[in-house]
Amino acid sequence: QVQLVESGGGSVQAGGSLRLSCAASGYTNRNYCMGWFRQAPGKEREGVAALYTPIYTGSSAYYVDSVKGRIIISQDNAKNTVYLQMNRLKPEDTAMYYCAAERGICGAWVFPRAFGYWGQGTQVTVSS
């Protein structure tokens with residue numbers, strides 16, 4: 001059974017950094033698209049970043065334009081954990097952040113419906 005557990009959220013001032021973690025169990029992250037989404041109150045869930053790590057070739061990372069240059073998605077295969085390093089945080093980054101997984105490439109990663117497995121979320125609050 002696939003399970004995703006996020007951690008690392010919290011409150012930080014604008015300009016600060018946070019690193020979110022998503023520990024996966026029940027499968028390995030290889031050959032799965034691992035995504036991070038966020039949802040602010042009253043807004044739709046939006047894709048932030050995704051990572052596809054095949055077994056025999058290098059990984060591919062994807063980012064939404066609003067976070068490029070500030071956020072890095074990475075993976076520790078030994079720990080089966082995906083990370084979201086968030087730097088130079090802004091108040092508009094405030095949201096519940098969710099980890100998601102789906103077998104295969106990240107072809108439609110920006111759409112929540114492309115993922116079948118979700119974590120429970122971790123709250124990120126950025127104050128100005």
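## Secondary structure

Strands here are DSSP runs of E with at least two residues, and helices are runs of H or I with at least four; both are numbered from the N terminus. On that basis the order of elements, starting at the N terminus, is β-β-β-β-β-β-β-β-β-β-β. The count is 11 strands and 0 helices. The model is a predicted one.

## Dimensions and contacts

The radius of gyration of the protein is 14 Å, which agrees with the value near 14 Å for a compact globule of 128 residues. Along the principal axes, the C-alpha atoms occupy a box of roughly 45 × 25 × 25 Å.

Taking contacts between residues at least 6 apart in sequence, 61% link residues at least 24 apart.

## Nonpolar cores

In soluble globular proteins, nonpolar side chains tend to be buried together. Buried residues make up 43% of the 128 in this protein.

The largest nonpolar core has 28 residues, and those touching the most other members are L4, Y27, M34, W36, L84, M86 and Y97. At least two residues of this core come from each of β3 (18-25), β4 (32-39), β5 (46-52), β7 (71-76), β8 (81-86), β9 (95-103) and β11 (122-127). Another core, of 8 residues, lies apart from the largest one and includes A50, C106, W109 and F115.

Note on methods:
Residues are numbered from 1 along each chain as its sequence is written. This is a predicted model: local features need pLDDT of at least 70, side-chain atom pairs count only at pLDDT 80 or more; totals for chains, interfaces and linings use all residues. Side-chain values use heavy atoms; hydrogens and water are left out. A nonpolar core is a set of buried Ala, Val, Leu, Ile, Met, Phe, Trp, Tyr and Cys residues joined through side-chain atoms within 4.5 Å. Buried means under 20% relative accessible area, exposed over 50%, partly exposed in between (1.4 Å probe, protein chains only). The radius of gyration is taken over C-alpha atoms; the globule rule is 2.2 Å times the number of residues to the power 0.38. Contact means heavy atoms within 4.5 Å.
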